[in-house]
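Please look over the two-chain model below. A short briefing follows it, grouped by topic.

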Amino acid sequence: MSLYTAETKRLTKRRFTRLFLLGTTLILLAIAAGMFFTNEKVGPSQIASAQAQAQQDFQRATEQYQRDQAACQAPGANPASCEGMYQPTQDDFQAQWYMPPTFDFRENFPDMVTTLAALLALVAFIVGASFVGAEWSSGGMMNLLLWRPQRLQVLGTKLLALLVLFTVLTVVYSAIWTGIFVGIAEARGTTDSMTSGAWQSIALMELRGLALVLVAAAIGFGLASLGRHTAMALGVTIGAVIVFQFGLGTVLSLAKVKFAEAYLIPVWMIAWMDKEIKLEDYNSCNYSSAGGCQPDSLTLTWPMAGGLLAGIFVLIVGASMWAMRSRDIT
Amino acid sequence: MTAVLEIAGLQKTYRSRKGVRRALDGFDMVVEAGQVHGFLGPNGSGKTTTLRTLLGLITPNGGRMAILGREVPAHLSEVAGQVGAIVESPQFFGNFTAQDTLSLLAEAGDVRKERVTAVLELVGLRDRAKDRVKTYSLGMKQRLAVASALLKEPKLLILDEPANGLDPGGIREMRSLMRNLAESGMTVVLSSHILGEIQLICDSVTIISAGRRVAAGSVADVLASHTSSGVKVRLEPGVDMRGAVELLRANGAQVTVEHDHFTVGNAGNPAQITRILAEREIYVSELTPTAADLESVFLQLTGTAPVEGRNRQVDQSAVAAPTGGWGQ
């Protein structure tokens, strides 16, 4: 327990941790402020204004259509050019498209949950990598092992301190984030459609966000511990982004591999956070008389994405523990 | 006396693409309780590898080690609380203060918080305890490292180059600190290249070269057993020193001529000198054995004495072969 307390203090005392958390807080506040100022509450006057705008545009389009018709039917003009002309209808100018942006909590907040989870996951990865990487490169790890010559216990306790800290941070940030956006929705949108089922869905999504943050923290920590330097984790990540996102993505699309997006990391993150993602292969055609040509589709679900996250977590943390146990500390 | 530290036949081999390197090749070492023990060796001889292996940071390929009577690394966690150590250059987190650094170590090691203040006072960092470590000089970091090693009131203190970066006053303070600790019953193992310091502080020494022990015992015994067989010879004033030198050289002596005397380097039997010279009626006014110091014994044993015109490489240390004395 004393080792755990010491490691938690060491982690929270680090300027790097504090600066990153301050930066994250400022970014989140900026996003919330942006959402506040770019949305507004919809009332009778906004609806009337949107309806008037839609009607005005419909009138303008109709007049233009009539002028064009007259022009193409005039003597000397080519009447064939009138054939493809489209006559606007009232449906083409619906009032809802002229409504000012408003924050519908049920519809818009899930994107904000994903934003929070992605940002915290990035911070958790970097702080996790730096926490153990700096210990290795500064000689702090060796010092600690002279005091506690139980390598797995020391590394495991460090990881535990990191994961517990980010669990607490994610829970607190999620609660505040939800509260802020409930406020924004009430002031600049609506929470009317929120049912208990919708709240439960939001809570489960935030829980999946927490899992994403913890896996990111553990991967950063594990990679930096394997390489015994913070730069190892950051280097591997940059390498993975270049190889998997740009290199592999380009090669697979050139090779016309079916569902090439399934090899890209963000697709799996979306599948995890949004519960599923449907990929479609537009080069295929499944003809039906009712629906015409339908592309092949592949649905990635959150259990599949969860399995992948768990696999990466076990692989990297396991490898770092194995290396800690068996490699000399020089 | 009981042995606080025992190493027997320790082996460590590093394999790389360049081949196999034996860092420790059957190394032995014994340190008795209450002693200040010097651990000497040239760069790359295996000193730090030995200390790291002893402290569980490196896994040996063979041999056995025991600290305070317990086999390590198997029982290292049982004795770790009684062993304070610094290995190589002390490195600490620059943005933490000395107070924070030691407090975190104390907390991780279940040590009383009062010890932090006590050791900071002991190593002379009390007034700078709340400054960030990155503002410290090398000598101050060294003091902090010693403080961290002393924090748990160890029975065995292992210090690798503790005088590195210390000013002359600091070296003297460190010397008296070591002495005081030994007098309080603590056993101190001290690795250093400042051989004069070792000779002043230590009761016993172990010298390592090329991964093997080349000498061990009390400082006096090591000096006595490896004292050079050289003698300083001074003749009566007015006597032809050049003639005497040529005469001895003709008889196989290795003579080095100084300003007003000469030295016979391989005088296994000094009486031979007086006999040869007396036969030619050359009389000796002074015949004294050349006193060896730890540095010359170290250079002789490790084969690291500088040779004019040759640049010795770090791995070029050797187990020096004993030389036979002239005249024996």
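Predicted model: local features only at pLDDT ≥ 70, side-chain atom pairs only at ≥ 80, totals over all residues.

Residues are numbered from 1 along each chain as its sequence is written, chains are lettered from A and ligands numbered from 1 in the order in which they are written, and side-chain values use heavy atoms, with hydrogens and water left out.

**Interface of chain B and chain A**

- About 2600 Å² is buried between chain B and chain A, and 57% of it is on carbon and sulfur atoms. Buried area is the accessible area (1.4 Å probe) that two parts lose on being put together, summed over both.
- In chain B, the most area is lost to chain A by B:Leu57, B:Phe93 and B:Leu104, which together give 23% of what that side buries.
- Chain B brings 32 residues to the contact and chain A brings 27 residues. Contact means heavy atoms within 4.5 Å.
- Four salt bridges are counted between chain B and chain A. A salt bridge is a side-chain nitrogen of Lys or Arg within 4 Å of a carboxyl oxygen of Asp or Glu.
- A:Arg148 and B:Asp110 form a salt bridge, with the closest N and O atoms 3.6 Å apart.
- Polar contacts link 13 residue pairs across the interface of chain B and chain A, both residues at pLDDT 80 or more. A polar contact is a pair of N or O atoms within 3.5 Å; within protein, one must be able to donate a hydrogen and the other to accept it, and residues adjacent in sequence count only if both atoms are side-chain atoms.
- Strand 1 (3-16), helix 2 (76-79) and helix 3 of chain B each supply at least two residues of the side that touches chain A. Helices (H or I, at least four residues) and strands (E, at least two) are DSSP runs, numbered from the N terminus.
- Helix 3 of chain B gives the most to that side, with five residues.
- By class, the side of chain B that touches chain A holds 16 nonpolar, seven polar and nine charged residues. Ala, Val, Leu, Ile, Met, Phe, Trp, Tyr, Cys and Pro count as nonpolar, Asp, Glu, Lys and Arg as charged, and the others, Gly among them, as polar.

**Helix 3 of chain B**

- Nine of the eleven residues of helix 3 (residues 98-108) of chain B are buried, so this helix is largely enclosed by the rest of the structure. Buried means under 20% relative accessible area, exposed over 50%, partly exposed in between (1.4 Å probe, protein chains only).
- The buried residues include B:Leu102, B:Leu104 and B:Glu107.
- In chain A, they pack against helix 1 (2-13) and helix 5 (140-147). In chain B, they pack against helix 4 (114-122) and helix 5 (138-150).
- B:Asp110 follows helix 3 of chain B and has a positive phi, near 55 degrees.

**Chains and domains**

- Chain B has eleven helices and 14 strands. Of its 328 residues, 47% are buried.
- Chain B is assigned domain 1 (3-225) and domain 2 (231-289), with centres 46 Å apart over C-alpha atoms. Domain bounds come from an automatic or database domain assignment.
- Chain A is divided into domain 1 (2-41 + 103-326) and domain 2 (44-98). The C-alpha centres of these domains of chain A lie 48 Å apart.

**Buried residues in helices**

- A:Thr230 sits in helix 8 (residues 230-254) of chain A and is buried, at 16% relative accessibility. Its side chain reaches the backbone nitrogen of A:Ala134 at 3.5 Å.
- B:Thr53 belongs to helix 1 (residues 47-54) of chain B and is buried, at a relative accessible area of 1%. Beyond four places in sequence, B:Thr53 touches residues including B:Leu10, B:Leu24 and B:Met65.
- A:Val113 is part of helix 4 (residues 105-138) of chain A and is buried, at 3%.

**Backbone geometry**

- Most residues other than glycine have a negative phi, and most peptide bonds are trans.
- A:Arg228 is not a glycine, yet has a positive phi of about 55 degrees. A:Arg228 is buried, at 15% relative accessible area.
- A:Lys256 also has a positive phi of about 55 degrees, but is exposed, at 65%.
- The peptide bond from B:Val72 to B:Pro73 is cis, with omega near 10 degrees.
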